[in-house]
Amino acid sequence: MSSFTDLYSVKPFKTQWRVYVKILKVWKQYLNGVETLEMVVVDEKNQTMHVTLKKEFIKKNENLLEEGASRIIKKFQMAHNGGKFRTSPHVYKILFASTLSVKPAEEMDPRILGFKFVKFSDIHEGKMNPDFLIDAIGQIVSIGDVEILNVGKRQTKRLSMEIRDTKNVRLNSVLWGQFAENLESVAQHANDAVIVAVLRFGKLKLYQGVWSVGNCYNCSMVFTDPVFRESLAFKERLPNDGLTLTYTHPNQLTIVNSVSVVKCVIMATIMSIDTEFGWYYMSCGACAKKVLPHDMDYLKELYPRKTFKKQLWQCKKCNENVENVYPSFMLTFRVMDNTGETKFLLFDQEAKEVVNQTAAQLTQSVNESTPSIKIEEKAHNTLDGQVPLMIMDDDDSEITPASKRKSNEKMEVIKDTDEFSAAKKKCKDEKTVETNSSILPLKTVKTEKP
């Protein structure tokens, strides 16, 4: 197809250029509220160029612009290819205009992919311009744990890996989002395997004097063990040192020794449920937050002319005293695998999936034959009797056993009546609640053997 101009020969002094290209990558971009369609194309000489479509030209042409398709593009405009994260070293880029024409063409040689792999040594020596995106190929040496991070208003995964080139020069690579998930899935099936990773349009980053490469927004592409001739030839040139990748799932030992906050999936056996400090707490029926019980005997003594029909609970979230409450799970599971054991704390929604009952159902059906235990506790008596052992603390940010709380606490009840207002002042100035050791029956899910 000699009637076409190669991409490195096109210049902005005319618009009658005619090029034959293969589309390597297509993605939409939103910058400062402006939508554009971005592309990277390659010609028969393996030369690449960036292409930009403004919003008014997207609908008309996007059906013809598919990744891997070969097209004839003519009567286009040219613009300077500047800024950061440039996908092509070409000085100019193609701009779609009203006069532009896109037509299907004979399929280009599938071996033409436009790769320009860089040397890892050139990256470490600072010879590469970080304004340009690069192509990198390497054998995966190791893969770190997947991390869940908050980026903006959403959560995304991040995965770090180390790759090496044929001269055993190592390079760190950090992948985000779907790229991290895809690589994690590949690694989970690796067993003493030699896996080659190809990162197209990777972004260089220098952090604390160390260079790394990662994906760049929507334009990057990651391939693992592709059948490209470049990757097959690379694998043949690797050092014959027997280095392979074996991926191990996160286990108890990894979690216990972890010093960072991560989300992970493990496989372990539940040995027992630890009920030493209770296994549920009471929640507000309106906001579902934890509530604290008032001492009803004290309130009746303080306000003898007031009738209390039900137990009152203090809800800090609603900032009022409530009657409508329900129990919520807070289960401590002792779990183990072949590396060790630890404890997991499950709250209501997650615990219900394990127990297959609600905390309310379980408190009604639990066996009451458990021996009584002497604890220091405020007596929270309801009309139906004493409250079963549950988690009761004054700080939502810290879970403290009720048996370890101080026995002297000030109590204040805010109501609209004059009687409550007058009593409130007296209570606030001088009144405290004194309690002694009491015997409370425990209702437990399971009694552990010592």
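1. Two strands are taken to pair if DSSP finds at least two bridges between them. Strands (E, at least two residues) and helices (H or I, at least four) are DSSP runs, numbered from the N terminus. On this basis, 7 strands form an open sheet of mixed pairing, in the order S5-S6-S3-S2-S1-S4-S7. Strand S5 (77-80) and strand S7 (101-104) stand at the edges with a single partner strand each, so one side of each is left without a neighbour in the sheet. On average, neighbouring strands of this sheet are turned by 40° against each other, direction ignored; the axes behind this angle are lines fitted to C-alpha atoms, for helices over the stretch in contact, and angles run from 0 to 180 degrees between N-to-C directions.

2. The model is predicted: local features need pLDDT of at least 70 and side-chain atom pairs count only at pLDDT 80 or more, while totals for chains, interfaces and linings use all residues. Residues are numbered from 1 along each chain as its sequence is written, and side-chain values use heavy atoms, with hydrogens and water left out.

3. Strand S4 (residues 70-74) pairs with S7 in the antiparallel sense, over 4 bridges. Within this pairing, isoleucine 72 stands opposite lysine 103 in S7.

4. In H3, the buried residues are Phe179, Ala180, Leu183, Glu184 and Ala187. They cover an arc of only 130° around the axis, which puts them on the same side of H3; the arc is that of the directions from the helix axis to the C-beta atoms. Where contact means heavy atoms within 4.5 Å, the cover over these buried residues includes strand S8 (134-143), strand S10 (154-164), strand S11 (170-176), strand S13 (210-215) and strand S14 (221-224).

5. Side chains of opposite charge can pair when their charged atoms come close. A salt bridge here is a side-chain nitrogen of Lys or Arg within 4 Å of a carboxyl oxygen of Asp or Glu. The structure holds 14 salt bridges. In one of them, lysine 28 joins glutamate 62, with the closest N and O atoms 3.8 Å apart. This pair links distant parts of the chain, 34 residues apart: lysine 28 lies in strand S1 (residues 18-31), and glutamate 62 in the loop between helix H1 (55-61) and S4. Lysine 28 is partly exposed at 32% relative accessibility, and glutamate 62 is partly exposed at 30%.

6. Two further salt bridges deserve attention. Glutamate 125 and lysine 127 have their closest N and O atoms 3.1 Å apart; glutamate 125 is exposed at 51% relative accessibility, and lysine 127 is exposed at 56%. Lysine 343 and aspartate 274 have their closest N and O atoms 2.8 Å apart. The latter pair connects strand S21 (residues 340-347), which holds lysine 343, to strand S15 (residues 269-274), which holds aspartate 274, across 69 residues. Lysine 343 is partly exposed at 47%, whereas aspartate 274 is buried at 12%. Salt bridges that share partners also join Lys28, Glu35 and Glu62 into one network.

7. A pair of aromatic rings is described by the distance of the centres and the angle of the planes. Rings of Phe, Tyr and Trp (its six-membered ring) pair if their centres lie within 6.5 Å; planes under 30 degrees apart count as stacked, over 60 as edge-to-face and the rest as tilted. A search of the whole structure finds 8 aromatic pairs. Phenylalanine 115 and phenylalanine 117 have ring centres 4.9 Å apart and planes at 15°, so this pair is stacked. Phenylalanine 115 is buried at 7% relative accessibility, whereas phenylalanine 117 is partly exposed at 28%. Ring pairs link Phe115, Phe117, Phe223 and Phe228 into a cluster.

8. Alanine 288 is found in the loop between strand S16 (280-284) and strand S17 (291-293), and is partly exposed at 40%.

Terms used: Buried < 20%, exposed > 50% of the residue type's maximum accessible area, 1.4 Å probe, protein only.
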